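Okay everyone, thanks for coming.

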Amino acid sequence: MSANNRVVLAYSGGLDTSVAIGWIAEQTGAEVVTVSVDCGQGGEDLEVIRQRAIDCGAVEAYIADAKDEFAEEYCMLDLQANGLYMDAYPLVSALSRPLIVKHLVTAARQFDASVVAHGCTGKGNDQVRFENGITSLAPDVACLSPVRDLALTREFAINYANKHNLPIETTHHNPFSIDQNVWGRAIETGFLEDLWNAPTKDVYNYTDDPTYPPLPDEVVISFEKGIPVAIDGVKVTPLEAIVEMNRRAGAQGIGRIDIVEDRMVGIKSREIYEAPGAMALIEAHKELERVTMDREQARYKQRIALRWSELVYEGQWFSPLKRSLDAFIRDTQEYVTGDIRMVLHGGRAVVTGRKSETSLYDFNLATYDEGDSFDQSYAKGFIEITGLTSKLAAARDVKFGKGEAMPKLNLS
(Lines give C-alpha, C1' and ligand atoms only; values in the text may rest on other atoms or scores of the structure.)
Protein backbone atom coordinates (compact mmCIF):
# COMPACT_ATOMS: atom_id res chain seq x y z
CA MET A 1 0.00 0.00 0.00
CA SER A 2 1.43 3.38 -1.00
CA ALA A 3 1.96 6.00 1.69
CA ASN A 4 -0.25 8.34 -0.34
CA ASN A 5 -3.18 5.98 0.23
CA ARG A 6 -3.13 6.00 4.04
CA VAL A 7 -4.12 8.63 6.57
CA VAL A 8 -3.48 8.36 10.30
CA LEU A 9 -6.36 9.82 12.33
CA ALA A 10 -6.26 10.87 16.00
CA TYR A 11 -9.28 8.93 17.25
CA SER A 12 -11.19 9.60 20.47
CA GLY A 13 -13.99 7.12 19.90
CA GLY A 14 -16.59 9.90 19.78
CA LEU A 15 -19.01 10.93 17.07
CA ASP A 16 -16.88 13.37 15.07
CA THR A 17 -13.78 11.22 14.73
CA SER A 18 -15.85 8.07 14.11
CA VAL A 19 -17.60 9.76 11.19
CA ALA A 20 -14.27 11.19 10.02
CA ILE A 21 -13.00 7.68 9.25
CA GLY A 22 -15.47 7.15 6.41
CA TRP A 23 -15.60 10.81 5.43
CA ILE A 24 -11.83 11.01 4.92
CA ALA A 25 -11.93 7.82 2.87
CA GLU A 26 -14.71 9.22 0.66
CA GLN A 27 -13.07 12.62 0.21
CA THR A 28 -9.48 11.49 -0.34
CA GLY A 29 -9.71 7.86 -1.45
CA ALA A 30 -7.29 6.91 1.32
CA GLU A 31 -7.41 4.12 3.88
CA VAL A 32 -7.63 5.32 7.47
CA VAL A 33 -5.55 4.13 10.42
CA THR A 34 -6.80 5.36 13.80
CA VAL A 35 -4.66 6.25 16.83
CA SER A 36 -6.14 6.28 20.34
CA VAL A 37 -4.02 7.36 23.31
CA ASP A 38 -5.08 6.87 26.93
CA CYS A 39 -3.77 9.77 29.04
CA GLY A 40 -5.92 8.81 32.02
CA GLN A 41 -9.14 10.31 30.74
CA GLY A 42 -11.23 7.39 31.97
CA GLY A 43 -14.37 6.34 30.13
CA GLU A 44 -14.41 3.44 27.71
CA ASP A 45 -11.97 0.58 27.53
CA LEU A 46 -9.29 0.94 24.87
CA GLU A 47 -10.28 -2.37 23.28
CA VAL A 48 -13.86 -1.12 22.89
CA ILE A 49 -12.57 2.01 21.18
CA ARG A 50 -10.28 -0.03 18.94
CA GLN A 51 -13.15 -2.25 17.81
CA ARG A 52 -15.39 0.76 17.16
CA ALA A 53 -12.72 2.24 14.89
CA ILE A 54 -12.58 -0.98 12.90
CA ASP A 55 -16.38 -1.14 12.72
CA CYS A 56 -16.45 2.44 11.42
CA GLY A 57 -14.11 1.54 8.57
CA ALA A 58 -10.53 1.86 9.84
CA VAL A 59 -8.08 -0.59 8.27
CA GLU A 60 -5.88 -0.52 11.39
CA ALA A 61 -6.38 0.76 14.94
CA TYR A 62 -3.29 1.78 16.94
CA ILE A 63 -3.85 1.79 20.71
CA ALA A 64 -1.52 3.25 23.36
CA ASP A 65 -1.95 3.01 27.13
CA ALA A 66 0.15 6.08 27.91
CA LYS A 67 -1.04 6.98 31.42
CA ASP A 68 2.34 6.40 33.08
CA GLU A 69 4.20 8.03 30.20
CA PHE A 70 1.94 11.08 30.44
CA ALA A 71 2.35 11.37 34.19
CA GLU A 72 6.13 10.87 34.23
CA GLU A 73 7.26 12.81 31.16
CA TYR A 74 4.66 15.54 30.86
CA CYS A 75 2.75 16.16 34.12
CA MET A 76 5.89 15.97 36.26
CA LEU A 77 7.67 18.57 34.15
CA ASP A 78 4.65 20.84 34.50
CA LEU A 79 4.81 20.26 38.26
CA GLN A 80 8.54 21.03 38.43
CA ALA A 81 7.92 24.19 36.42
CA ASN A 82 4.86 25.17 38.51
CA GLY A 83 3.38 25.65 35.05
CA LEU A 84 0.11 27.60 35.14
CA TYR A 85 -1.23 29.31 32.02
CA MET A 86 -2.08 32.96 32.76
CA ASP A 87 -0.79 32.12 36.24
CA ALA A 88 -4.14 30.41 36.87
CA TYR A 89 -4.50 26.79 35.76
CA PRO A 90 -2.33 23.78 34.96
CA LEU A 91 -1.93 22.95 31.29
CA VAL A 92 -4.54 20.19 31.23
CA SER A 93 -5.18 19.78 27.49
CA ALA A 94 -1.99 21.36 26.17
CA LEU A 95 0.19 18.82 28.02
CA SER A 96 -1.49 15.80 26.44
CA ARG A 97 -1.23 17.00 22.84
CA PRO A 98 2.52 16.46 22.32
CA LEU A 99 2.19 12.95 23.75
CA ILE A 100 -0.65 12.18 21.32
CA VAL A 101 1.41 13.73 18.52
CA LYS A 102 4.32 11.44 19.38
CA HIS A 103 2.11 8.38 18.96
CA LEU A 104 0.50 9.76 15.79
CA VAL A 105 3.91 10.12 14.18
CA THR A 106 4.95 6.66 15.40
CA ALA A 107 1.84 5.20 13.78
CA ALA A 108 2.41 7.15 10.57
CA ARG A 109 5.87 5.59 10.28
CA GLN A 110 4.66 2.14 11.27
CA PHE A 111 1.73 2.10 8.84
CA ASP A 112 3.46 3.96 6.00
CA ALA A 113 1.19 7.02 5.97
CA SER A 114 2.06 10.48 4.66
CA VAL A 115 -0.92 12.33 6.15
CA VAL A 116 -2.01 12.75 9.78
CA ALA A 117 -5.53 13.96 10.58
CA HIS A 118 -7.12 15.38 13.72
CA GLY A 119 -10.63 16.46 14.74
CA CYS A 120 -9.90 20.05 15.74
CA THR A 121 -11.83 23.11 14.61
CA GLY A 122 -10.37 26.11 12.83
CA LYS A 123 -10.56 28.51 15.75
CA GLY A 124 -9.26 26.51 18.68
CA ASN A 125 -5.80 25.96 20.15
CA ASP A 126 -5.50 22.23 19.48
CA GLN A 127 -5.13 22.53 15.71
CA VAL A 128 -1.93 24.49 16.34
CA ARG A 129 -0.67 22.06 18.97
CA PHE A 130 -1.25 19.02 16.77
CA GLU A 131 0.09 20.44 13.53
CA ASN A 132 3.11 22.21 15.00
CA GLY A 133 3.96 19.04 16.89
CA ILE A 134 3.53 16.78 13.88
CA THR A 135 5.65 18.94 11.59
CA SER A 136 8.32 19.30 14.31
CA LEU A 137 8.70 15.52 14.62
CA ALA A 138 7.95 14.64 10.98
CA PRO A 139 8.43 17.57 8.58
CA ASP A 140 7.58 15.31 5.62
CA VAL A 141 4.10 14.48 6.94
CA ALA A 142 1.09 16.55 5.86
CA CYS A 143 -1.76 17.50 8.23
CA LEU A 144 -5.50 17.31 7.65
CA SER A 145 -8.46 18.52 9.70
CA PRO A 146 -11.78 17.06 8.47
CA VAL A 147 -13.78 19.61 10.49
CA ARG A 148 -11.76 22.57 9.19
CA ASP A 149 -10.61 21.36 5.76
CA LEU A 150 -13.44 19.04 4.63
CA ALA A 151 -16.40 20.92 6.15
CA LEU A 152 -17.36 18.09 8.50
CA THR A 153 -20.01 19.85 10.65
CA ARG A 154 -21.62 18.25 13.70
CA GLU A 155 -25.03 18.26 11.97
CA PHE A 156 -23.53 16.44 9.02
CA ALA A 157 -21.74 14.00 11.35
CA ILE A 158 -24.98 13.04 13.10
CA ASN A 159 -26.81 12.47 9.81
CA TYR A 160 -23.84 10.58 8.35
CA ALA A 161 -23.62 8.27 11.36
CA ASN A 162 -27.33 7.51 11.24
CA LYS A 163 -27.31 6.94 7.46
CA HIS A 164 -24.39 4.51 7.65
CA ASN A 165 -25.50 2.83 10.90
CA LEU A 166 -22.21 3.58 12.62
CA PRO A 167 -21.83 2.05 16.12
CA ILE A 168 -21.75 5.42 17.89
CA GLU A 169 -24.31 7.31 19.95
CA THR A 170 -25.56 10.43 18.19
CA THR A 171 -27.29 13.44 19.71
CA HIS A 172 -28.11 16.96 18.58
CA HIS A 173 -27.75 18.32 22.10
CA ASN A 174 -24.56 18.22 24.10
CA PRO A 175 -24.30 21.27 26.36
CA PHE A 176 -20.54 21.16 26.92
CA SER A 177 -17.28 20.48 25.14
CA ILE A 178 -15.12 18.47 27.53
CA ASP A 179 -11.51 17.36 27.41
CA GLN A 180 -10.00 15.44 30.30
CA ASN A 181 -7.05 13.38 31.40
CA VAL A 182 -5.45 12.42 34.70
CA TRP A 183 -4.00 15.95 35.16
CA GLY A 184 -7.39 17.64 34.97
CA ARG A 185 -10.60 18.38 33.14
CA ALA A 186 -11.52 21.29 30.82
CA ILE A 187 -15.13 22.31 30.14
CA GLU A 188 -16.40 24.95 27.72
CA THR A 189 -19.29 26.07 25.45
CA GLY A 190 -23.01 25.83 26.11
CA PHE A 191 -24.46 28.25 28.63
CA LEU A 192 -20.93 28.91 29.92
CA GLU A 193 -20.35 31.15 26.91
CA ASP A 194 -22.49 33.78 28.66
CA LEU A 195 -19.91 35.17 31.09
CA TRP A 196 -22.59 36.09 33.63
CA ASN A 197 -23.81 32.51 34.00
CA ALA A 198 -22.43 30.68 37.03
CA PRO A 199 -21.39 27.05 36.57
CA THR A 200 -24.03 24.54 37.64
CA LYS A 201 -23.38 21.34 39.55
CA ASP A 202 -23.49 19.19 36.40
CA VAL A 203 -20.38 20.97 35.08
CA TYR A 204 -18.17 19.24 37.64
CA ASN A 205 -17.03 15.65 37.79
CA TYR A 206 -13.55 15.53 39.34
CA THR A 207 -14.47 17.63 42.38
CA ASP A 208 -17.19 17.62 45.04
CA ASP A 209 -18.95 20.78 46.19
CA PRO A 210 -16.53 22.60 48.55
CA THR A 211 -19.48 24.28 50.30
CA TYR A 212 -20.22 21.08 52.21
CA PRO A 213 -16.83 19.42 52.66
CA PRO A 214 -16.00 16.33 54.69
CA LEU A 215 -13.71 16.62 57.71
CA PRO A 216 -10.26 18.17 57.06
CA ASP A 217 -7.80 15.77 55.45
CA GLU A 218 -4.13 16.05 56.47
CA VAL A 219 -1.63 14.70 53.97
CA VAL A 220 2.18 14.53 53.84
CA ILE A 221 3.71 14.60 50.36
CA SER A 222 7.35 13.57 49.98
CA PHE A 223 9.38 14.89 47.05
CA GLU A 224 12.71 13.95 45.52
CA LYS A 225 14.13 16.54 43.12
CA GLY A 226 10.70 18.05 42.62
CA ILE A 227 8.90 14.74 41.99
CA PRO A 228 6.39 13.29 44.48
CA VAL A 229 7.65 9.88 45.60
CA ALA A 230 5.49 9.12 48.65
CA ILE A 231 2.15 10.12 50.16
CA ASP A 232 1.76 9.66 53.91
CA GLY A 233 4.90 7.52 53.84
CA VAL A 234 3.62 5.15 51.15
CA LYS A 235 5.78 5.07 48.02
CA VAL A 236 4.01 6.13 44.82
CA THR A 237 4.75 6.51 41.14
CA PRO A 238 3.99 9.87 39.54
CA LEU A 239 0.72 8.47 38.16
CA GLU A 240 -0.25 7.06 41.56
CA ALA A 241 0.53 10.39 43.22
CA ILE A 242 -1.74 12.27 40.82
CA VAL A 243 -4.57 9.73 41.12
CA GLU A 244 -4.41 9.73 44.93
CA MET A 245 -4.35 13.52 45.15
CA ASN A 246 -7.18 13.75 42.61
CA ARG A 247 -9.22 11.58 44.95
CA ARG A 248 -8.38 13.36 48.20
CA ALA A 249 -8.25 16.95 46.95
CA GLY A 250 -11.27 16.35 44.73
CA ALA A 251 -13.32 15.20 47.73
CA GLN A 252 -12.62 18.62 49.28
CA GLY A 253 -13.60 20.59 46.17
CA ILE A 254 -10.03 21.76 45.53
CA GLY A 255 -8.93 22.77 42.03
CA ARG A 256 -12.05 24.41 40.58
CA ILE A 257 -11.05 27.24 38.23
CA ASP A 258 -13.37 29.58 36.28
CA ILE A 259 -11.41 31.79 33.88
CA VAL A 260 -11.68 33.85 30.71
CA GLU A 261 -8.49 32.91 28.90
CA ASP A 262 -6.69 34.23 25.84
CA ARG A 263 -6.65 31.74 23.00
CA MET A 264 -3.87 31.76 20.42
CA VAL A 265 -6.11 32.95 17.58
CA GLY A 266 -6.95 36.11 19.52
CA ILE A 267 -10.34 35.02 20.89
CA LYS A 268 -11.15 35.20 24.58
CA SER A 269 -12.80 32.02 25.81
CA ARG A 270 -14.56 31.20 29.07
CA GLU A 271 -13.27 27.90 30.47
CA ILE A 272 -13.99 25.86 33.56
CA TYR A 273 -11.19 23.63 34.84
CA GLU A 274 -11.02 20.93 37.47
CA ALA A 275 -7.52 19.95 38.54
CA PRO A 276 -7.63 18.84 42.17
CA GLY A 277 -4.48 16.71 42.22
CA ALA A 278 -2.48 19.07 40.03
CA MET A 279 -3.31 22.20 42.03
CA ALA A 280 -2.64 20.53 45.40
CA LEU A 281 0.68 19.09 44.19
CA ILE A 282 1.77 22.39 42.65
CA GLU A 283 0.97 24.23 45.90
CA ALA A 284 3.04 21.72 47.88
CA HIS A 285 5.88 21.87 45.35
CA LYS A 286 5.96 25.68 45.38
CA GLU A 287 6.29 25.69 49.16
CA LEU A 288 9.12 23.16 49.12
CA GLU A 289 10.93 25.32 46.57
CA ARG A 290 10.61 28.29 48.93
CA VAL A 291 12.47 26.27 51.53
CA THR A 292 15.16 24.77 49.31
CA MET A 293 15.86 27.19 46.46
CA ASP A 294 18.19 30.19 46.44
CA ARG A 295 16.32 33.51 46.38
CA GLU A 296 17.63 34.75 43.03
CA GLN A 297 17.18 31.36 41.39
CA ALA A 298 13.59 31.20 42.67
CA ARG A 299 12.79 34.70 41.44
CA TYR A 300 14.12 33.99 37.98
CA LYS A 301 12.34 30.64 37.82
CA GLN A 302 8.99 32.40 38.28
CA ARG A 303 9.65 34.32 35.08
CA ILE A 304 10.77 31.18 33.27
CA ALA A 305 7.66 29.30 34.42
CA LEU A 306 5.40 31.90 32.84
CA ARG A 307 7.17 31.73 29.47
CA TRP A 308 7.40 27.93 29.65
CA SER A 309 3.64 27.73 30.23
CA GLU A 310 2.95 30.02 27.28
CA LEU A 311 5.11 27.88 25.00
CA VAL A 312 3.33 24.69 26.04
CA TYR A 313 -0.07 26.35 25.64
CA GLU A 314 0.90 27.58 22.17
CA GLY A 315 1.91 24.14 20.91
CA GLN A 316 5.67 24.70 21.10
CA TRP A 317 6.52 21.60 23.15
CA PHE A 318 9.19 20.50 20.67
CA SER A 319 10.67 23.97 20.06
CA PRO A 320 14.33 24.80 20.79
CA LEU A 321 13.41 27.41 23.40
CA LYS A 322 11.12 24.99 25.22
CA ARG A 323 13.93 22.38 25.34
CA SER A 324 16.33 24.99 26.75
CA LEU A 325 13.85 26.05 29.43
CA ASP A 326 13.30 22.37 30.31
CA ALA A 327 17.00 22.09 31.06
CA PHE A 328 16.88 25.15 33.33
CA ILE A 329 13.81 23.88 35.17
CA ARG A 330 15.30 20.44 35.77
CA ASP A 331 18.53 22.00 37.04
CA THR A 332 16.60 24.07 39.61
CA GLN A 333 15.14 20.87 41.10
CA GLU A 334 18.49 19.48 42.31
CA TYR A 335 17.73 20.23 45.99
CA VAL A 336 13.91 20.29 45.92
CA THR A 337 13.68 17.27 48.21
CA GLY A 338 11.70 16.93 51.42
CA ASP A 339 8.26 16.63 52.98
CA ILE A 340 5.32 19.00 52.84
CA ARG A 341 2.36 18.63 55.19
CA MET A 342 -0.95 20.01 53.93
CA VAL A 343 -4.51 20.24 55.18
CA LEU A 344 -7.12 19.76 52.47
CA HIS A 345 -10.48 21.24 53.35
CA GLY A 346 -13.33 23.22 51.84
CA GLY A 347 -11.73 24.03 48.49
CA ARG A 348 -8.31 24.92 49.90
CA ALA A 349 -4.97 23.14 50.18
CA VAL A 350 -3.05 24.83 53.00
CA VAL A 351 0.58 24.00 53.82
CA THR A 352 1.12 23.55 57.57
CA GLY A 353 4.57 21.94 57.73
CA ARG A 354 7.86 21.72 55.86
CA LYS A 355 10.86 19.43 56.37
CA SER A 356 13.95 19.04 54.20
CA GLU A 357 17.55 17.89 54.56
CA THR A 358 18.45 20.30 51.74
CA SER A 359 16.69 23.29 53.31
CA LEU A 360 18.25 26.77 53.20
CA TYR A 361 16.28 27.74 56.28
CA ASP A 362 18.61 28.27 59.27
CA PHE A 363 16.73 28.36 62.58
CA ASN A 364 19.54 30.16 64.41
CA LEU A 365 19.63 32.90 61.80
CA ALA A 366 15.84 33.24 61.66
CA THR A 367 14.96 33.18 65.37
CA TYR A 368 14.45 36.33 67.46
CA ASP A 369 14.80 34.31 70.66
CA GLU A 370 17.74 32.76 72.48
CA GLY A 371 20.25 31.23 70.11
CA ASP A 372 20.05 34.05 67.57
CA SER A 373 23.31 33.90 65.59
CA PHE A 374 22.63 36.84 63.26
CA ASP A 375 25.03 39.76 63.76
CA GLN A 376 22.71 42.78 63.61
CA SER A 377 25.65 45.18 63.22
CA TYR A 378 25.80 44.06 59.58
CA ALA A 379 22.45 45.75 58.88
CA LYS A 380 23.60 49.39 59.00
CA GLY A 381 26.20 49.03 56.25
CA PHE A 382 23.86 46.85 54.21
CA ILE A 383 21.16 49.54 54.28
CA GLU A 384 23.67 52.24 53.33
CA ILE A 385 24.86 50.30 50.29
CA THR A 386 21.46 49.13 49.02
CA GLY A 387 19.99 52.61 49.40
CA LEU A 388 22.92 54.51 47.90
CA THR A 389 21.67 54.76 44.31
CA SER A 390 18.24 56.02 45.39
CA LYS A 391 19.86 58.50 47.75
CA LEU A 392 22.01 59.93 44.95
CA ALA A 393 19.05 60.17 42.58
CA ALA A 394 16.95 61.94 45.24
CA ALA A 395 19.73 64.47 45.84
CA ARG A 396 19.87 65.25 42.13
CA ASP A 397 16.08 65.77 42.04
CA VAL A 398 16.32 68.24 44.90
CA LYS A 399 19.18 70.08 43.14
CA PHE A 400 17.08 70.60 40.02
CA GLY A 401 13.81 71.35 41.82
CA LYS A 402 12.09 68.07 41.06
CA GLY A 403 12.17 66.52 44.51
CA GLU A 404 9.06 65.18 46.20
CA ALA A 405 7.25 67.86 48.22
CA MET A 406 7.40 66.94 51.89
CA PRO A 407 4.36 67.52 54.09
CA LYS A 408 4.77 70.31 56.66
CA LEU A 409 4.52 69.27 60.28
CA ASN A 410 2.01 71.07 62.45
CA LEU A 411 3.92 71.58 65.69
CA SER A 412 1.37 73.89 67.36
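Predicted model: local features only at pLDDT ≥ 70, side-chain atom pairs only at ≥ 80, totals over all residues.

Residues are numbered from 1 along each chain as its sequence is written, and side-chain values use heavy atoms, with hydrogens and water left out.

Back to the strands (DSSP runs of E, at least two residues, numbered from the N terminus). Strand S7, residues 184-188, pairs antiparallel with strand S12, residues 268-274, over three bridges; pairing takes at least two bridges found by DSSP. Where do these two sit? They belong to an open, antiparallel sheet of four strands, ordered S6-S7-S12-S11. At the edges, pairing on one side only, are S6 (177-181) and S11 (256-262).

Now the cores, meaning buried Ala, Val, Leu, Ile, Met, Phe, Trp, Tyr and Cys residues joined through side-chain atoms within 4.5 Å, with buried being under 20% relative accessible area for a 1.4 Å probe, protein chains only. How many residues does the largest one have? It has 78, and Phe70 and Trp183 are among those with the most contacts inside it. Helix H4 (92-110) gives the largest share, 10 residues; helices here are DSSP runs of H or I, at least four residues.

Phe70 is in contact (heavy atoms within 4.5 Å) with residues including Leu95, Leu99 and Trp183. And there's a second, separate core of 27 residues, with Leu15 and Ile168 among them.

Note on methods. Buried < 20%, exposed > 50% of the residue type's maximum accessible area, 1.4 Å probe, protein only. Lists of a residue's contacts leave out its neighbours within four places in sequence.
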